[in-house]
Structures are given as C-alpha cells and as structure tokens.
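This report concerns a protein model with several chains. Please consult the sequence and the three-dimensional view together while reading.

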Amino acid sequence: MSELTDRPSDDPYRRGTGEVVISARDLRIWYGTERGPVRAVDGVSFDLRAGETLGLVGESGCGKSTLGRGLLGLLPDGSKMDGTLQYRGEDILAMPARRRHDLRGTDLAMIFQEPLTRLNPLMRISEHFEEALNTHAPNLGRDQRRSRSLAILRTIGIPPTRYRSYPHEFSGGMRQRLMIALALVLEPAFVVADEPTTALDVLVEAQIIGILHDLRREIDTALLLITHNLGIVAEACNRVAVMYAGEIVELGEAAQVFRAPQHPYTRELLRSTISLSTTGLNFIPGAPPDLAAPPSGCRFHPRCPTAMRICPTRTPRMLPTTAGSLAACWLHQGGDELPAGAREPLERQEISVAEEA
Amino acid sequence: MPKKPEVVAEPQTLIDIDDVSVHFQLRGGSLSRLLGRDTGSVRAVDGVTIKLATGEVLGLVGESGSGKTTLGRSLLGLVQPTSGRIVYDGADIVGLSERQLRPLRTRLQMVFQDPNAALNPAMTIAEQVGHPLTIHKLASRGDVRQRVGEALERVGLAPVERFLDKYPSDLSGGQKQRAVLARAIITGPTLLVADEPISMLDMSVRAKILQLMIDLRASLNLTYVYITHDLASAKFFCDRVAIMYLGRVVEIGPTAEIFADPKHPYTKALLAAIPDPDPDRAVPRDLPRGEIPDAAEPPTGCSFHPRCPAAFELCGWERRDLKALLERHWASVPPEEYERERQLVGDIDGLDEPGGPAVVQPGRASSARDMNVLVQRLQGAAPDDPFWRGVRDIREVGSGVEVQFEDGHDPRLRPSGGVDVACHLY
Amino acid sequence: MAVEGAEPAVRTVTPSYRRLAQRFVSPITQTRGVARWILFAGLFITGVFVVAAIFAPWVAHYGFAQKRADGVSFPKRSAPSGEHPFGTNDQFYDVLSRVVWGSRTALLVVLLSLVASIIVGVLLGLLSGYLGGLLDRVLVLLMDALFSFPSLLLAIVFAFLLSERLGGGILAAALSLTVIYIPQYFRVVRNTTVTAREATYVEAARSIGAGRWTIMRRYLLPNVVHSVPVVGTLNAADAIGTLAALGFLGLGIQPQDAAEWGYDLKRALTDISSGIWWTAVFPGLAIVLLVTGLTLVGEGLNETINPTLRRRRLLPVTLPPRTQDERS
C-alpha cells in the first residue's frame with residue numbers, strides 16, 4: 001500500500017499534471033448488515049486533480065454512492081473504511097474527527113440529488129448563503145458575504161433579484177442551481193455531486209450539465225460526478241471511472257474510454273445505453289452480484305460475454321492498456337505468465353431472462 | 001386471449017381523441033377557499049386531437065408538466081376530461097361512470113412509471129397479476145393460477161414457480177416492471193398506455209423491458225401509447241411521435257420524419273439536449289433558457305415563445321417577457337452594475353400579470369428618461385435576443401416607460417412536410 | 001439512498017401462508033437489545049395475568065363473591081394468613097380470589113372493547129379516508145370532538161347511559177370503553193388511508209377495474225393497519241386504568257356480576273386509616289402491574305414495528321487483511 005505512494009513513478013494512477021486534491025489507494029468501505037458485511041467499495045484507487053471532473057458510473061448497487069459519501073466521511077453507522085485517502089497529501093482517515101469535520105463544507109462539499117429536502121423552507125436564499133459563509137468563513141464582512149454570494153449566483157445563472165426569495169419560489173432546476181451555488185460559495189477544493197440531475201427535466205438537465213461543464217474551467221475545483229447516465233459523463237467530465245460490484249474496473253480519459261472501452265463491462269454498458277443512434281437493443285444479461293458474497297476472481301465474469309477460464313479463478317489488477325486507460329481485465333494482461341488454457345472461453349451457466357436488476 | 005383485431009390494409013382508428021381538454025381546479029390558499037374565491041385552473045391538457053390507429057405505437061413526448069401523463073390517463077378514464085370526446089369502439093368514453101367503464105378496463109391497460117409503487121405490497125405476485133381475471137370473472141379459481149403462470153412466462157418471469165408466491169418487495173425493479181406488464185396483458189387488452197415504463201429502471205435493464213414491450217406488441221397485437229420524456233427510446237420504439245408542451249401538441253408526425261427533420265424549435269431543443277455518450281459530440285449550446293412556465297397562467301400566444309430561440313413578432317410577447325429579460329440581464333452583469341441599474345427601475349412585480357403592454361415606473365432617484373436609456377442599453381447589450389423582435393415601440397408615458405409589443409397569436413397545428421406542427425415559422 | 005447492494009436479487013421461496021405469518025411475526029423475532037427486553041418483560045407480565053384469568057377457577061381458591069367455605073364463614077378483614085394469603089376484606093371476600101377473578105374481568109372487558117373499537121375505528125377510518133367528501137368531514141369532526149373530551153368523563157357518561165339499558169355488567173363496561181378508543185384507530189387509519197389512496201398501486205387497481213370495496217379491502221386495508229397493534233396494546237393499558245377508575249367511582253361492574261379491582265379499591269378506602277393495608281395494596285398492585293405489562297408490550301412493539309424507531313442489529317464488520325495475490 002504505502003509502497004505505491006512512496007514510489008509515484010510506479011503508480012499507474014498518478015499521471016497528468018496539476019495538484020492532486022484527492023488521492024485514494026485501495027480504499028475499502030464495508031457495511032455491516034444483518035447478513036454479514038457487504039463489500040460496497042472494495043479496493044478502489046484513483047487520483048483527482050484540481051480542475052478535473054471525474055465521472056463515476058455504473059449500475060445501481062455497485063457502490064458509487066457509498067464511495068462518494070465515504071470520501072466525505074458521511075457513512076452510516078456500522079460501516080468500516082480502510083486503505084489510504086489523502087486530501088492534499090494529508091491522510092483523512094488518520095486525522096482527528098474534529099479536523100475532518102472542519103474540512104467538510106470549507107474544503108470538501110457535496111451536491112445532493114433532491115435539492116428541496118436540503119434547503120430550509122423557512123429561510124430565504126440570502127440567509128442560506130449568510131449562514132454558510134458565517135459558519136465557515138467568519139472573518140468576511142457583511143458586504144463581502146453578499147457580493148460573494150451574488151457572484152456565485154451569477155455564475156450559476158440565478159438573477160440577483162431573486163436573492164431574497166424563499167426556496168419554494170424557485171423551480172426544480174433553479175433549486176438544483178442553488179444547491180450547486182451553496183456548495184461552491186465556500187470555494188471547496190473537492191466536490192462530490194451525487195446524481196445531481198436525475199430528478200430534473202431533459203432541458204433543465206442539459207442546462208445543469210452545461211453549468212458543471214463550464215465550472216470546471218472557471219473554478220479550480222476537483223469534482224466527482226456520480227451518475228448512471230453515460231451521456232452526462234461524456235458531456236461534463238474529462239475523466240471517467242467505471243465501477244462494478246464495488247470495484248473500479250476501468251479508469252481513464254472520458255473521450256478515450258468512450259471511444260475505445262477496454263473493459264467488457266464498460267463496453268456492454270455503452271452498448272446497452274439507448275441513444276438516438278441506437279438501431280438495435282443490447283443488454284447485459286443478469287444483475288450485479290450480491291456484495292455480501294461477490295463472485296470469485298473477476299466479479300464481472302458471470303455476466304461477461306468474453307469471459308475466459310482464468311476469470312473466475314484470479315482477480316485481474318488495474319493495469320494500463322494499449323488504449324491508454326487503466327482496466328482490470330485478463331483480456332489485456334497476463335501475457336505468457338498465464339497457465340495453458342487460461343484464455344480458452346469459459347463455459348458459462350445460462351442466465352435466466354428475469355435475473356436482472 | 002380475446003380475438004385479435006382483423007388485419008386490414010387501411011389503418012383502423014382504435015381511439016379517436018377529439019379536442020380533449022383536462023382542466024384541474026386549483027385549490028388555492030386556505031383564505032381564498034374560505035372566501036369561496038375562484039382560484040383559477042390549470043390546463044393540464046388543452047385541446048388535443050389525435051387519431052390512434054390500431055397496432056401503432058404512439059409516443060407522447062414532453063417534459064414534466066406537458067400534460068402527457070394526464071392525456072394518457074384520460075384515455076383509460078382514470079382522469080375525466082373537462083371537454084372533448086374520446087371515442088373508443090364507436091362510443092364516447094368521456095363522462096362514463098366508473099361502473100360503465102369497468103367492461104372497458106379489460107381492453108385498455110396501463111403500465112406505470114414506478115414499478116416499486118405500482119404493485120400492492122400486501123399481495124403476492126400471483127394474487128395481483130391474476131386479480132384482473134378475478135375482478136372481471138374471466139376465469140375460475142383454478143384457471144387463474146394457470147393463466148397467471150402463462151402471463152408471467154410471457155413477460156420473462158420464468159421459472160414461474162420462483163415468482164408466483166413472492167411479494168413485490170422480494171423482486172428487483174426490472175422484475176417488478178415485468179410483473180406490472182403481466183398484470184396489464186393478462187386480460188388480453190388491445191391498448192397499453194405505458195407511462196415512462198423504463199425511466200425509473202437501471203440503464204442495463206431499460207433495454208430489456210423495451211425489448212419485452214416490442215415482443216409483446218408483436219405477439220399480442222398491442223397498440224401502445226408510450227409516454228416518455230426520453231426522445232431516444234421514443235425514436236427506437238414509436239411509429240408516430242407527438243411532442244407536447246404545456247398541454248398542447250406542438251408537433252406530431254411519423255417518427256422518421258420528426259427525427260430526420262424536426263420542425264418545432266421545442267422538438268429541436270429536446271433533441272439537442274439528450275446527453276450522448278458519443279465523445280465526438282460537442283456539449284450543446286444555445287439551449288432554451290428557463291423552465292416550463294406555470295400552467296395556471298401560461299404565456300400568451302405560443303406558450304413556448306419565452307424560451308424559444310427562434311421566436312419573432314407573431315409569437316405573442318407580453319410584459320412578463322420584459323421582466324424575464326431584465327432578470328436575465330442582471331444575472332449576467334457584475335453585482336455593482338446590477339445594484340446601480342436596480343436603483344433606476346421601480347417595482348417590477350407589476351410585470352407578473354399576463355398580457356401587454358408593459359409599463360415600468362422609475363425608481364425613486366431616477367426618471368423616465370433614465371429608464372428609457374436603460375432599456376435602450378439592454379437592447380444594445382443583447383440585440384439578438386428574440387425579445388426585441390416582438391417590441392413594436394418603446395416610449396416615455398407620463399413618469400414611466402411603456403414597452404409596446406407586436407400583436408401575437410396562438411399558433412395552430414398545421415401540416416408541414418409530412419408532419420403537423422404548431423409554430424408560426426411554418 | 002439505502003445501503004447499496006444490500007438486497008440479493010432473488011431470495012429463496014417460502015410458501016405463501018408461511019410468508020404471510022412471517023410478515024407479522026418477523027418484527028418480533030427481529031427485535032434486538034432494549035426493545036427486545038421491553039417486549040419480553042411486557043409479554044411475561046401480561047402472560048401471568050392472562051394465565052390467571054383463564055384458569056381463575058383453579059388458581060383462585062374461592063369464588064369472587066364467596067363468603068364462606070365448608071360451612072365456615074370467612075373472617076372480616078383478616079390479615080394475610082395461610083388460609084387467606086392476601087387476607088379478606090370488609091365484605092368477607094378472599095382478597096386473593098378477588099384479585100385473580102378481577103384479572104379475568106379486566107382482560108375480558110379490555111379484549112371486548114379493543115376488538116369492538118378496532119373493528120369500528122378501522123372500518124370508519126378506511127371509509128372516511130378513501131371516500132373523502134362530506135362523510136369524511138362529518139366523521140373527522142365527530143371523532144375529533146370525541147377525542148378532545150377527557151376520556152374518563154366520556155366513559156362515565158357512557159357507563160351511565162349504558163348501565164340503564166344493559167345493567168352494570170361486563171358488556172356495558174366494555175361498550176363504554178369502546179366509544180372512547182374508536183377515535184384513536186379512526187385517526188391512525190384515516191390518515192394513512194389518505195396517503196395510501198394516492199399510491200400508484202391504488203390507481204393501478206382502478207385501472208384493472210377493481211371496485212371501491214375491493215380497493216378498500218384488498219389494496220388499502222392491509223397497507224394501513226401497521227400501527228394498529230401498537231395503538232391497541234397501548235390502549236389496552238389505558239383501558240385497564242379507565243375501567244378501574246369507573247369501578248372506583250361505582251359506575252362500572254357491580255360486585256355481584258364480577259370481581260373488579262377498581263371497586264375493591266374503593267371499598268378498601270376506609271380500611272387504610274385503620275391500618276388494614278392488604279385490601280388496597282393487592283388490587284392496586286394488580287392494576288399497576290398489568291398496566292405496566294401492557295405498556296411495555298406496546299412500547300416494545302412500537303420500537304420494532306415503527307420503522308423510524310427500529311434499529312436492526314448490524315453484524316459488526318471486520319476488514320480482513322489483504323492477501324498479497326488478490327490485488328495490487
């Protein structure tokens with residue numbers, strides 16, 4: 001573990017330029033349930049640099065939201081987290097709870113899916129901003145607070161005439177803009193946005209994606225955008241991490257990954273997406289596994305159309321592929337080390353049609 | 001299953017929707033209710049005319065608040081239209097009582113958006129899928145279970161023994177939606193109204209359910225009304241698409257025509273807004289601003305004009321557009337400039353009333369002259385804004401400034417190159 | 001969002017009737033920690049009284065209105081002894097027997113009133129919530145009026161009215177308690193029905209042609225009665241108290257009809273000043289114990305059935321050390 005961070009040159013995750021804001025290595029988040037531990041996040045590594053937007057995609061139940069919450073320390077009772085998680089080189093998991101709490105809001109922020117439940121209906125928008133700034137930046141003057149709030153509202157496209165309105169006077173899209181503005185007014189270095197557009201209409205969703213896309217340029221924030229919509233990742237993110245059954249199976253430049261997906265899961269996910277250019281329906285058979293007892297070896301092997309004999313027996317590592325992205329798949333690695341017959345196709349069990357998410 | 005509709009060369013009309021409107025009375029605040037004041041109404045569906053042919057898949061596409069769901073539910077008598085006729089099988093079903101509608105319920109069925117909510121949590125799958133048969137006394141007790149088995153098999157819930165005695169909470173989202181489909185087809189309906197049947201499902205399951213609906217269409221001779229906000233799935237699934245906005249159909253035509261050459265600016269916008277995983281596609285710009293306006297007080301003229309990038313003189317400009325323009329302008333200037341300009345203008349809440357012309361009083365320390373200059377400056381700052389095309393005259397009246405608008409009117413659906421479109425451009 | 005991946009895609013099959021039973025029993029077996037102790041303590045205390053009530057003829061040595069045995073009169077106000085473990089009272093009755101028979105009276109009255117008020121309250125709540133309109137307004141007004149009265153006052157009025165028609169028996173007492181508890185079930189069921197009425201599955205029921213009655217019976221009723229058991233047990237505790245209060249005021253069950261703790265307490269009032277404690281302590285203790293027992297059951301059930309209070313015991317997580325081979 002620590003070896004990796006000590007020798008950055010060997011680290012496949014540490015590439016590119018710019019300050020590394022969030023660095024996760026072999027992060028695990030397990031939940032306690034009545035049936036035993038659920039491996040919601042199981043050995044995830046990535047770097048996120050300032051000004052970068054990383055899209056986190058995958059089917060529901062693969063650990064996306066857990067990872068997002070875990071990065072901010074917002075996990076429910078009965079969950080455990082280990083591995084390495086650094087914020088600007090400082091180990092978050094090792095720091096005192098007090099310091100971690102202080103970081104949230106000022107340095108680390110979250111944008112939620114349902115804005116109405118996160119805004120106090122009895123407080124004016126101005127009061128929301130005042131409160132956020134008062135708690136986290138107490139040395140600002142009244143006028144400074146106001147101009148800073150108005151400035152961020154402007155970036156987000158909310159007219160200043162509405163500054164003293166109440167949350168219910170805004171439409172759904174405007175509320176989501178407000179949430180983004182509230183998260184950004186403290187100029188956090190790292191923001192997690194969990195399905196920020198899922199509840200919105202198509203045109204409003206497009207507006208929000210546009211805003212997120214532009215923010216990347218204007219503010220030097222590192223953004224983790226959790227979504228199930230691959231189209232949103234393509235339009236708003238420069239990098240993408242594909243998650244399956246608690247693991248990141250492919251990580252790379254968004255354009256690169258979408259143009260030439262390396263992991264079969266990424267490929268199948270792209271193929272099963274219905275877009276305007278869809279001419280035939282494709283889908284991945286089966287459902288994501290129960291994370292209390294995930295399949296052996298590569299967790300995707302029971303659903304993988306290109307599974308080989310090696311896949312259920314050994315877990316592939318995240319290694320660079322020829323296309324430039326990192327992928328955990330035996331198709332791209334192993335070379336001659338693999339035993340004979342390892343690359344023979346796997347005889348697969350029939351998956352019933354109804355076995356689905 | 002009942003006898004299948006005969007196959008004829010000429011498409012037969014299954015349902016004739018004729019000038020249907022659904023208005024909902026607003027409840028208003030407690031005070032106005034106490035005083036018995038008229039609180040106004042929302043025109044959820046406003047004069048829609050569509051002929052639904054037997055065997056076709058008609059897509060009703062629009063954002064939330066477009067009236068697509070209300071229209072779909074009124075086809076089944078779940079919502080009573082305020083006016084208009086819905087002719088099914090030679091008879092008007094508008095105004096029928098629940099009891100009179102009951103025989104029709106075996107032939108008109110619905111699939112709901114949220115599979116987690118559409119099934120009764122307290123009944124087993126076998127009980128609820130078979131319930132339509134029990135209600136309409138279409139099968140004996142012993143037969144019901146067998147018919148349920150057949151229906152489950154048809155929707156892919158096989159082996160059926162694994163699902164018959166389950167409760168909805170034991171099933172995944174996709175499985176629940178299959179059970180909902182099984183319940184809908186068990187009486188052998190001719191029409192399925194599918195209200196966003198895949199939008200709540202996981203990406204990887206959507207294609208499966210859509211494929212299932214396509215298969216059912218072929219094997220059961222179903223006619224679909226497919227309600228969705230997702231043009232991509234509509235393009236794949238529908239024969240004909242009706243684009244709805246604020247209770248009206250703004251464009252309707254064969255799917256191929258609409259997608260090859262979208263005419264209405266709203267259709268164009270919807271198409272441009274779909275996020276696409278194709279990395280070579282640029283992020284769409286110049287999308288319509290704002291959101292769907294309040295249906296209780298829709299914009300005058302064409303209801304899309306406040307958001308339309310191509311709006312011009314005829315579209316029905318009004319004073320609310322001036323307020324929107326001011327707010328847009330102020331959202332784009334630095335805060336200091338906003339503070340300065342805001343001082344010039346008096347109360348702008350008077351601009352919330354529909355209609356025109358707009359009269360704006362100056363602020364305390366300014367004059368009509370200053371206001372006029374401000375308005376001119378606004379025009380100079382954004383001369384390409386469609387708003388200015390609708391302005392006939394700006395003049396100082398008394399102490400304020402009056403902005404007069406061109407006379408606009410409401411566009412009607414008119415045929416244009418294979419489709420019908422409600423837009424003054426055509 | 002719920003814990004991702006916590007649910008397996010398909011669970012094992014269990015027959016329908018067993019599943020149904022499990023739906024009701026499982027919250028009890030799932031209880032953990034304090035809630036479980038509360039529930040079990042309550043069930044134990046209540047159980048003792050239930051056993052005493054059912055087997056009263058065997059548990060009690062004498063009848064509830066028996067003044068002599070084997071031709072020998074009982075002494076008046078005799079202190080607890082081998083013959084009369086709880087002593088005797090001013091009417092020559094054996095206090096132990098009165099207490100045991102009293103538990104039969106109390107539980108019978110409470111059971112009767114509970115069943116009646118649940119049937120009426122749930123039915124009216126369901127009708128009112130689903131049909132709405134004028135019926136709903138009238139019923140809500142009526143029930144709120146009933147609810148806002150002090151329940152004891154209401155019970156007194158009804159006991160008065162009913163005792164004229166039905167006499168001072170168990171039935172009259174049960175019915176007067178019924179009236180005061182109906183509004184609680186009505187409120188709970190009506191409010192959940194109003195919410196459930198808007199659920200998609202109710203609309204789905206309409207779309208498959210289900211009539212009003214079918215919708216209420218098959219689609220609404222099973223989904224709106226979740227909190228009735230909790231309200232029921234808590235009301236039972238309350239009803240014990242109210243029944244005793246009625247008896248104390250001389251309005252409840254007359255002594256020759258059945259043994260009643262409240263009545264015995266009233267008789268014992270005069271004894272206290274003369275140092276005779278046993279006539280008051282034992283019936284009083286019985287009331288306190290049974291009320292406590294039923295309250296504990298109610299609270300325990302509430303903790304398990306009410307999802308906002310429920311805390312399931314999560315198995316602790318230990319992250320195993322990583323194996324070298326497994327990943328980098």
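**Conventions**

This is a predicted model, in which local features need pLDDT of at least 70 and side-chain atom pairs count only at pLDDT 80 or more, while totals for chains, interfaces and linings use all residues. Residues are numbered from 1 along each chain as its sequence is written, chains are lettered from A and ligands numbered from 1 in the order in which they are written, and side-chain values use heavy atoms, with hydrogens and water left out.

**The interface of chain A and chain B**

The size of an interface is often given as the accessible area lost when the parts come together. Chain A and chain B bury about 4,900 Å² between them, and 60% of this lies on carbon and sulfur atoms. Buried area here is the accessible area (1.4 Å probe) that two parts lose on being put together, summed over both. On the side of chain A, the residues that lose the most area to chain B are L203(A), L276(A) and E356(A), together 16% of what that side buries. Counted by contact (heavy atoms within 4.5 Å), 59 residues of chain A and 63 residues of chain B take part.

The rule finds 14 residue pairs in polar contact across this interface, both residues being at pLDDT 80 or more. A polar contact is a pair of N or O atoms within 3.5 Å; within protein, one must be able to donate a hydrogen and the other to accept it, and residues adjacent in sequence count only if both atoms are side-chain atoms. The elements of chain A that give two or more residues to the side touching chain B are α6 (142-156), α7 (172-184), α8 (202-218), α9 (230-236), α10 (254-259) and α11 (264-272). Helices (H or I, at least four residues) and strands (E, at least two) are DSSP runs, numbered from the N terminus. The largest share, nine residues, comes from α8(A). By class, the residues on this side of chain A divide into 26 nonpolar, 21 polar and 12 charged. In this division, Ala, Val, Leu, Ile, Met, Phe, Trp, Tyr, Cys and Pro count as nonpolar, Asp, Glu, Lys and Arg as charged, and the others, Gly among them, as polar.

**Salt bridges**

Side chains of opposite charge can pair when their charged atoms come close. The structure holds 47 salt bridges over all chains, each defined as a side-chain nitrogen of Lys or Arg within 4 Å of a carboxyl oxygen of Asp or Glu. One salt bridge is found across the interface of chain A and chain B.

| Pair | Closest N to O distance |
|---|---|
| R146(A) and E339(B) | 2.7 Å |
| R148(A) and E187(A) | 4.0 Å |
| R206(C) and E98(B) | 3.3 Å |

The pair of R206(C) and E98(B) crosses between chains, from helix α8 of chain C to helix α3 (residues 98-101) of chain B. R206(C) is partly exposed, at 23% relative accessible area, and E98(B) is also partly exposed, at 30%. Buried means under 20% relative accessible area, exposed over 50%, and partly exposed in between (1.4 Å probe, protein chains only).

Of the 426 residues of chain B, 56% count as buried. The secondary structure of chain B comes to 15 helices and 15 strands, and its C-alpha trace spans about 85 × 60 × 45 Å along its principal axes. K68(B), found in helix α2 (residues 68-75) of chain B, counts as buried because its relative accessibility is 5%. A polar atom of the K68(B) side chain lies 3.1 Å from the backbone oxygen of G62(B). Leaving aside residues up to four places away in sequence, K68(B) touches several residues, including E63(B), E196(B), H229(B) and M244(B).

**Chain C: confidence and one residue**

Confidence is lowest in helix α1 (residues 16-30) of chain C, at a mean of 60, and highest in helix α8 (residues 200-207) of chain C, at 93. Over residues 1-16 of chain C, pLDDT stays under 50.

Q184(C) is placed in helix α7 (residues 170-197) of chain C and counts as partly exposed at 23% relative accessibility. Beyond four places in sequence, Q184(C) touches F147(C), V231(C) and N235(C).

Technical notes: pLDDT is the predictor's confidence in each residue, from 0 to 100.
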